[in-house]
Amino acid sequence: MNHSHTTPPLDPAPGYRIADWEITSLIGSGSWGSVYAAEKVVDSAAGGSAVAIKLLRTDLLTPGQRASMEELAHKEAQFSTEADHPHLVRTHAVVTLRDPERPELDGMTALVMDRAERSLQDLLASGGTGRPLPEAERILSGVASGLAHMHTHGWIHADLKPANILLGPERAVWLADFGLTVELEGTHAYVPPLGSLDHVPPEWWSERTGVHGTTVRKTADIWAFGVLAHQVLTGGLHPFPGGTARARSLAAQAYANGSAPLRLDDSLEPEWRKLIVECLAPDHTSRAALDAGELSRRVEALHVERLPRPVYRRPAVLLAAGLTACATVAGTLVAFVPSDGKDAPEKTRSSATATALSDTTLPGAIPADSDVPVALRRIITDAAKRCTDEEVTPALLAAMLKAESGFDPKASRPATGEHGIAMWTPAVFKAWAVDGDRDGDKDYMSPADAIGTMSVFTCWLDQRFKQNDLRENLPALIAAGYRTSDRTVIEAGGVPKAVQPYVDEVLANLKEYTS
Ligand SMILES: Nc1ncnc2c1ncn2[C@@H]1O[C@H](COP(=O)(O)OP(=O)(O)OP(=O)(O)O)[C@@H](O)[C@H]1O
């Protein structure tokens, strides 16, 4: 937070109604407004029962400033609404207040968002320095995934810092505060010079501020990520020395112009040190060698590498061809089961595909004339958006679901302990589960939960295979991994024979959906 610009709260009393929500308390104030906790008070279709409402104040501004802030507010709202991604905070509504009796509130813009429990800034402030924050790598993995999604779709965050990373319920990690987010035009875009001093790249100081503001490139977010990763992994230490943000930014500039070395904290592990050094490359041209997609893959790999490994049992009974038609047939095949529920990998999420495109134009979209039940198409498409890797498409998920259960949400194979539309084994589902229908629980019998979880798990399999240089026919490997395990496929160096009939069936379905 830029404390020097913090505004006094507007103070709408608890109980103040904004559209379907009522304010309950003030959370905090930033440069352009205040954020309040609010609860939904009517039963409406609008999402979000416990929300945060950001009120962007215009009352203290000159008409020129007001126009520029309204533009920023619209950008924030537009971006947040378009960007449907598990690591970007969701905006449920944008409301213009109409309250002539409260002229100070009348005309103000309110953004109704998912409510976080705290920010990364709060977490850093509450811990001791010198050691990584709890779950540091999981948090960084979420941040990098959100960033990769933004960059893929032509957006720069431009204000990445701990105060703008929110930690939500169910260990959610969201990038927030898109007020400075700018849609990319070519290789760079312009933003007003308001970013946090501690996270702006050194070139920011030497590039002239023109009428449009300061030039910002994707590499500015990569720099900010480097600073942030250092802070998170060391319990808050900034990578550059100095008692004030100004002193630290001077130290960063001295490093960038070659008059001081980069001295990262000794406690960093070598892989992290290497990655942070790349993020903090002194000039934007050399920094551009690391794009956000690559960054996200590497952070994810570092994170996953350190997770406890599940122990799999091999398939007990082989899957016969023709499973599609007999989803409830007993004695087919087992997926994998961790030796106990505790040591399975947690869900690790990456991101979405093209939100700006309509669903039918997404790569691998489900064709309108296919046999995929209409009621499931949106669910499958939304689930596929949880993965940025291009192989995990709606068509692939549909092809697998058809082979798993014939799209039957009630499918069950008691003999092998597999249940629901995606044929999850409960213990394995538990280890990866996502709340796809956002009803507050994770249930393998709910199609949205089961398919959402299938997407994150297949995404992880896809990344595992690529990390192990298995890149040929990834959909086949993913299907094989889903039926056996990542390790089984990696050890076999391809599709294990035992699951070939199942994989063939998935591929035939996929061909039908993509030709
Ligand atoms: N969706 C949210 N849920 C919960 N808390 C939030 C949410 N959005 C923002 N906050 C918190 O509200 C406070 C004010 O946020 P705001 O975005 O207005 O300012 P900031 O990011 O702290 O500073 P600045 O806008 O000056 O950069 C911060 O403590 C922030 O962590």
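The questions and answers below concern the ligand and some helices.

Guide: This is a predicted model, in which local features need pLDDT of at least 70 and side-chain atom pairs count only at pLDDT 80 or more, while totals for chains, interfaces and linings use all residues. Residues are numbered from 1 along each chain as its sequence is written, and side-chain values use heavy atoms, with hydrogens and water left out.

Visitor: How many residues surround the ligand?
Guide: A residue is near a molecule if one of its heavy atoms lies within 4 Å of it. The closest include Ser 31, Lys 161 and Asp 177. The residues that surround the ligand number 21.

Visitor: Which strand supplies the largest share of the shell around the ligand?
Guide: Strands are DSSP runs of E with at least two residues, and helices are runs of H or I with at least four, numbered from the N terminus. Strands S2 (21–29), S3 (33–40), S4 (50–56) and S6 (109–114) each supply at least two shell residues. The largest share, three residues, comes from S2.

Visitor: What distance separates a backbone N or O atom of Ala 116 from a nitrogen atom of the ligand?
Guide: A polar contact is a pair of N or O atoms within 3.5 Å; within protein, one must be able to donate a hydrogen and the other to accept it, and residues adjacent in sequence count only if both atoms are side-chain atoms. The side chain of Asp 177 has an N or O atom 3.0 Å from a ligand oxygen. For the backbone atom of Ala 116 and the ligand nitrogen, the distance is 2.9 Å.

Visitor: What is the handedness of the crossing of H11 and H14?
Guide: The axes, lines fitted to C-alpha atoms over the stretch in contact, have angles from 0 to 180 degrees between N-to-C directions. Those of H11 (residues 394–405) and H14 (residues 474–483) come within 11 Å and cross at roughly 40°. A crossing is left-handed if the near helix is turned anticlockwise from the far one by less than a right angle, and right-handed if clockwise. The crossing of H11 and H14 is right-handed.
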